[in-house]
Amino acid sequence: MTENEMTSNDSTEPTPTTETAASSPDPSGDPLIEQSIDVEGTDATAGETGKPVIESSDLNVFYGETQALQSIDLAIPEKQVTAMIGPSGCGKSTFLRCINRMNDLIDAARVEGDLYFEGKNVYDADVDPVALRRRIGMVFQHPNPFPKSIYDNVAYGLRIQDQTENIDEKVETALKRAALWDEVKDQLDKSALDLSGGQQQRLCIARAIAVDPDVILMDEPASALDPIATSKIEDLIEELAEEFTVVIVTHNMQQAARISDKTAVFLTGGELVEFDDTDKIFENPDSQRVEDYITGKFG
Amino acid sequence: MSTETPRPDITSRPTGRAARERMYRYVLLLCAAASILVTVSIVVLLARDAITFFTLVNPVDFFTGTEFLISRNVYGLLPLLSGTLLVTVISAVIALPTGVAAAVYLSEYASDQMRSVLKPGLEILAGIPTVVYGIFALVYVTPFLQAIGLPVNTFNILSASIMVGIMIIPMVSSLSEDAMSSVPDSLRQAGYGMGATKFEVTTGVVVPAAASGIFSSFILALSRAIGETMIVVVAAGSRPRMLNLSDPLANLFQGYQPMTAAMVQINSADSVSQLGFTSLFAIGLTLFVITFLLNLLSNRIAARYREEYE
Ligand SMILES: Nc1ncnc2c1ncn2[C@@H]1O[C@H](COP(=O)(O)OP(=O)(O)OP(=O)(O)O)[C@@H](O)[C@H]1O
Ligand SMILES: [Mg+2]
């Protein structure tokens, strides 16, 4: 795998497009952000509450010759739920993977343009993707717990970060926040693979939040689950947004409408067609194509 | 539109088909039964001759005896077991870590190009006749060990075991690699998504997830080392010897005669008493029981491993 094959262009001078970037909330000498950049300007898409924590600017992604994302400009507000919807193959997962640089793991993928996390371009040469991923957690479409005990799954991130203190406590907190504690508190030593699909997915959420990231990326986290498990996950996501910035890809339009504050609509070809408050997108979108998509006329 | 293709008549069963089908079934059964039958007969014959031996030699004396000397009708298994144990342990020390490391490299690190060179290379290693390994041990390894200052005898267990170890590396690496490459990629993604490095994903996610497969490759490799004959016949000497527990290192430099080598020697000796000859079957049966138990264990582990992902 090629961690460093990525092109990082214009790494020294990020385009100022944002509100004053958040001063790093983590004062403990964060390895990710070595210089803090103050950028100015107002972004029309930033909501009243959350200032943007992730911003892309002219972001293009290619898989070999084919372009999967076309010049995406997007500002994701802090501590809100931002949903990404759009037909299959329009690049939602690709965008999500740009944020925590999971695209680095795909040999064919090439990213051009800028993506800022707290004002720092994550494609700068001095950014360590490993450290970045410790601040931006991810939950996948299919639950993928490690074949270890429930406890060890949740503790995994803490252990690789050499956080050896209060692991018990942190595991408990994470499981509680993931609304799984009551179901598993007496069987923490049991294999995670013995849990139901919905429980496994909540375990994966617990695993992601145990290390206290700033952002949680979720790629269709409920698509493999039944309606009851799905509604549990949805409730959970809304709660998580009180503490974390949540970015969720979903195919389920009702789900996006129910749980998200902002919605980004991608359409075929990897274009971001509209990005606005969720209410606006679902009630009165500017674009006819978005309206057609949402009302099921295509896609 | 209305080209009539004749519809099969569901009431007309071709004559003889049932008989043919039955015949296929029995031919296949015969082949399956034949191989089992042969195995069973071997075990039965082995056991029969071993029992003849044990009516004349007390099994307790056999399994606890510290001397093996056919010429004096002394049949103690322990010296032979010492040789087998040494070969197994030394070759394991060499092959298990190397084999797993090679498997990790092939499964997790190697580029496709590298893999396409290395995998056939390892298969060639597995295809070398063991007598060649034996001669190599005698002609190259032993002089090399002497050259680097180790006080090894011409025939010594260390050289032989090194070559046995090299011989079983492909077995460990190819089975372990299978186990690691069947670890679902989603688990690696989960690891990377948590901010693990490649090495952390490999050691903390992939290897533990493949642990049962790796472990069962170990056991198969060990039973291969236990049963290895040619290399030890050629390079380990022909003196049964007890393990010297007070100076463990010195053991490595001496010749030993493992169980397999002893059997070869008994079988090819010019004049050997009837009792001496039947001792061959007692040793053989013991060897069979050991490897059989190991295989059983490895199947157990492999079965549990399969369960984990279902
Ligand atoms: N690893 C890859 N290698 C090559 N092309 C890829 C790869 N992953 C995605 N693509 C291509 O990039 C485009 C966008 O894919 P992506 O997975 O981001 O879509 P998506 O919006 O998440 O779709 P879905 O809703 O089906 O998950 C698709 O055309 C896809 O074929
Ligand atoms: Mg997707």
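1. In the hairpin formed by β9(A) and β10(A), three residues lie between the strands, and A:G269 has a positive phi near 105 degrees. Strand β9 (residues 262-267) of chain A and strand β10 (residues 271-277) of chain A run antiparallel and are joined by six bridges. Two strands count as paired if DSSP finds at least two bridges between them. Helices (H or I, at least four residues) and strands (E, at least two) are DSSP runs, numbered from the N terminus.

2. A remark on the basis of these points. This is a predicted model, in which local features need pLDDT of at least 70 and side-chain atom pairs count only at pLDDT 80 or more, while totals for chains, interfaces and linings use all residues. Residues are numbered from 1 along each chain as its sequence is written, chains are lettered from A and ligands numbered from 1 in the order in which they are written, and side-chain values use heavy atoms, with hydrogens and water left out.

3. Strand β8 (residues 245-249) of chain A is mostly covered, with five of its five residues buried. Buried means under 20% relative accessible area, exposed over 50%, and partly exposed in between (1.4 Å probe, protein chains only). The cover applies to both faces of β8(A): A:T245, A:V247 and A:V249 are buried on one side, A:V246 and A:I248 on the other.

4. Which strands pair with β8(A)? Strand β3 (residues 81-85) of chain A runs parallel to β8(A) and is joined to it by four bridges; here A:V81 has A:V246 as its bridge partner. Strand β7 (residues 215-219) of chain A also pairs with β8(A) in the parallel sense, over five bridges, and A:L217 has A:V247 as its bridge partner.

5. β7(A), helix α7 (residues 227-240) of chain A and β8(A) make a right-handed β-α-β unit. Right-handed means that, with the strands pointing away from the viewer, the path from the first strand over the helix to the second runs clockwise. The loop between β7 and α7 of chain A holds A:E220, which has a positive phi of about 45 degrees although it is not a glycine. Is A:E220 buried or exposed? A:E220 counts as buried because its relative accessibility is 10%.

6. β7(A) also pairs with β6(A), in the parallel sense and over four bridges. The bridge partner of A:G137 in β7(A) is A:I216. Both faces of strand β6 (residues 136-139) of chain A are covered, with A:I136 and A:M138 buried on one side and A:G137 and A:V139 buried on the other.

7. Ligand 1 is surrounded by 13 residues, and the closest are A:S88, A:K92, A:S93, A:T94 and A:H251. A residue is near a molecule or strand if one of its heavy atoms lies within 4 Å of it. Helix α1 (residues 92-99) of chain A gives the most to this shell, with four residues. The shell divides into four nonpolar, six polar and three charged residues. In this division Ala, Val, Leu, Ile, Met, Phe, Trp, Tyr, Cys and Pro count as nonpolar, Asp, Glu, Lys and Arg as charged, and the others, Gly among them, as polar.

8. A polar side-chain atom of A:S93 lies 2.6 Å from an oxygen atom of ligand 1, and a polar side-chain atom of A:H251 lies 2.8 Å from an oxygen atom of ligand 1. For A:C90, a backbone N or O atom lies 3.3 Å from an oxygen atom of ligand 1. Taken alone, ligand 1 exposes 630 Å², of which the protein buries 62%. Accessible areas come from the Shrake-Rupley method with a 1.4 Å probe; for residues, only the protein chains shown count as cover.

9. A:R101 lies in the loop between α1 and β4 (109-117) of chain A. Phi of A:R101 is positive, near 55 degrees, in a residue other than glycine. A:R101 counts as buried because its relative accessibility is 5%.

10. A:K120 belongs to strand β5 (residues 120-121) of chain A and is buried, with a relative accessible area of 2%. Its side chain makes a polar contact of 2.9 Å with the side chain of A:D124, and a polar contact of 3.0 Å joins the side chains of A:K120 and A:D126. A polar contact is a pair of N or O atoms within 3.5 Å; within protein, one must be able to donate a hydrogen and the other to accept it, and residues adjacent in sequence count only if both atoms are side-chain atoms.
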